[in-house]
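Hi everyone, thanks for having me.

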Amino acid sequence: MLQEAHPNVFQPSISHTTRGARPGEAHEVDYYFVKMEDFEDLISKEGFVEHAKFGGNRYGTSREMIERLTKEGKVVILDIEMEVSCALLLEWVGRLVFDCG
């Protein structure tokens, strides 16, 4: 994996979700677990580079997290559904790596 080979270069993103934590999952490690209202507030403020609804829950990648990590010199690895818009790809090309596995 890229991160294992280059730990100072690549950083996986941590998604926000409105679902509850599963056994063994930790806040700010596996996901940012947030209330639906807070998630929708971030949507209204364009706080996500992408977001989707799946199984009645919302998932999204925060713009702030990506901007912070790229300012730190990291290349962000996104683990998202492949229904990513062309706008997302064009906006972040060269600064993100998409994990399609």
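Okay, one term to start: a residue is buried when its relative accessible area is under 20%, exposed when that is over 50%, and partly exposed in between, using a 1.4 Å probe and protein chains only. By that rule F39, at 0% relative accessibility, counts as buried. F48, at 6%, is buried too.

Quick housekeeping. This is a predicted model, where local features need pLDDT of at least 70, side-chain atom pairs count only at pLDDT 80 or more, and totals for chains, interfaces and linings use all residues. Residues are numbered from 1 along each chain as its sequence is written, and side-chain values use heavy atoms, leaving out hydrogens and water.

Back to the rings. Phe, Tyr and Trp rings (the six-membered one for Trp) pair if their centres lie within 6.5 Å; planes under 30 degrees apart are stacked, over 60 edge-to-face, the rest tilted. There are three aromatic pairs here. F39 and F48 have ring centres 4.4 Å apart and planes at 25°, so that pair is stacked. Y31 and F33 are tilted, with 5.7 Å between centres and 50° between planes. Ring pairs also link Y31, F33 and Y59 into a cluster.

Now look at α3, residues 63–71; helices here are DSSP runs of H or I, at least four residues, and strands are runs of E, at least two, numbered from the N terminus. Which residues of α3 are buried? They are R63, M65, I66, L69 and T70. Just after α3, G73 has a positive phi of about 90°.
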